[in-house]
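Reader: I would like to learn to read a helix, a ligand site and a single residue. Please take me through them in turn.

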Amino acid sequence: MQTMGHIKLHIPGPVEVSAKTFAAFCSPMIGHRGQGFKDLYAKMQPQLQSLLFTKQLVYLSTSSAWGVMEGALRNLVAKKVLCCMCGAFSDKWLDVARRCGKSAEGLQVDWGSPIRAEAIDAKLATGEFDALTLIHNETSTGTMSSLNDIAALKLKYPEVIFIVDAVSSMTATRIAFDELGIDVLLAGTQKAFAMPPGLTVFTCSPSALAKAAGQKDRGYYFDFVEFQKNALENMTPSTPSISHTYALASKLEDIFAEGLQARFARHLALAQRTRAWAAGHGFLLFPEAGFESPTLTCVSNGARAGGRVIDVAKFQKLVKDRGFLIDGGYGKIKGTTFRISNMGDETEATMQTLYAAMDESIRLLG
Ligand SMILES: *Cc1c(COP(=O)(O)O)cnc(C)c1O
């Protein structure tokens, strides 16, 4: 949405929110136990199930993703959790598990590398773990791991609960929950959904729900059993952000008007365009080849040997002066990488205006 002086967001979340989504967000308030809310949620449920390729109920949590990421640990880890770590968000999950008092171990790979099924297999073979956490698309490094390969391990380890964060990939690429056989799938709405921050969409397998039901000290606000019980009545456990619920209904209309396949193809094509922009200016990409994200591009600026190196802070400022905000790199790769998002409602035309601003900024750097 354009307002005076607004810098258009091309950071990997939050991303730009459309005027239509904002208008829906500003719908008049209704009671969350009334028929109006139930009808709103009921109307969305089949769309959410199609989006996640599941027959399970899809839940709405009024929290950012971390609420449900922490909740998943509290609901589902009884013995020990394996945290697959390949970037800032996935690394943090180990810390969060320990803060929740859980026994936890990290499976750390270099930032920019994906998580590989063989490495998980070797850890799970010890029999120590009853759950694992995985980030599908590690937003800090722009690296997407192969969920198909990793989820195939469920057949070998049916007792292990697979908790998957798809915060920056859900809606942008196909993630078939039931077919994959994973146990929890979640995403906050300020990234690939292109909605305001504050809502998380998630679902659970029947075995995850059964395990949660037997779990002590799982708390209340993020109790998955409560989410299931309430979703059966088209409600949420506590008062939800009704504004976000309206915005989500509007966004789901957009998603299904475009069509899932077209939406997935659009994201991939735009990411490929951005990768080509980077290559055209002599940059290398940060992720290992073959694992680049379809929703954001993490460009190497010296983090990898070879390739062009620029003053990222200056570049970012020049791009900002031209009306676009890109990201200057996350955590320990700040400055040695930069990130460009193509999540949400971007098109070939809108991305072209960004590339033009970046081309001009590069020229001005000299
Ligand atoms: C942004 C992000 C998160 C954290 O989301 P919050 O909204 O800050 O809770 C978690 N995982 C991934 C992959 C992300 O991109």
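Author: Exposed means over 50% relative accessible area, buried under 20%, and partly exposed in between, with a 1.4 Å probe and protein chains only. Helices are DSSP runs of H or I with at least four residues, strands are runs of E with at least two, and both are numbered from the N terminus. This is a predicted model, where local features need pLDDT of at least 70, side-chain atom pairs count only at pLDDT 80 or more, and totals for chains, interfaces and linings use all residues. Residues are numbered from 1 along each chain as its sequence is written, and side-chain values use heavy atoms, without hydrogens and water.

Reader: Which residues of α12 are buried?

Author: An α-helix has 3.6 residues a turn, so residues three or four places apart point the same way. In α12 (residues 312-321), the buried ones are Val-312, Phe-315, Leu-318 and Val-319. They fall within an arc of 125° seen down the axis, so they line one face of the helix. The arc is taken from the directions from the helix axis to the C-beta atoms.

Reader: What covers the buried residues of α12?

Author: The cover includes α11 (260-280), β13 (324-325), β14 (337-341) and α13 (348-365).

Reader: Which residue caps the N-terminal end of α12?

Author: Asp-311 does, with a side-chain oxygen 3.2 Å from the backbone nitrogen of Ala-313. After α12 comes Gly-323, with a positive phi near 100°.

Reader: Now the ligand. Which helix gives the largest share of the shell around the ligand?

Author: Helix α3 (residues 65-76) does, with three residues. By class, the shell has six nonpolar, four polar and two charged residues.

Reader: Which polar side-chain atoms lie by an oxygen atom of the ligand?

Author: One belongs to Thr-139, at 2.4 Å. Another belongs to Gln-190, at 2.7 Å. Taken alone, the ligand exposes 380 Å², and the protein buries 89% of that.

Reader: Last, Ser-169. Is Ser-169 buried or exposed?

Author: Ser-169 is buried, with a relative accessible area of 0%. Its place is in the loop between β8 (161-165) and α7 (177-180).

Reader: What does the side chain of Ser-169 make a polar contact with?

Author: A polar contact is a pair of N or O atoms within 3.5 Å; within protein, one must be able to donate a hydrogen and the other to accept it, and residues adjacent in sequence count only if both atoms are side-chain atoms. Here the partner is the side chain of His-136, at 2.8 Å.

Note on methods: Contact = heavy atoms within 4.5 Å. Areas by Shrake-Rupley, 256 points an atom, 1.4 Å probe, with all protein chains shown as cover. Nonpolar A, V, L, I, M, F, W, Y, C, P; charged D, E, K, R; others polar.
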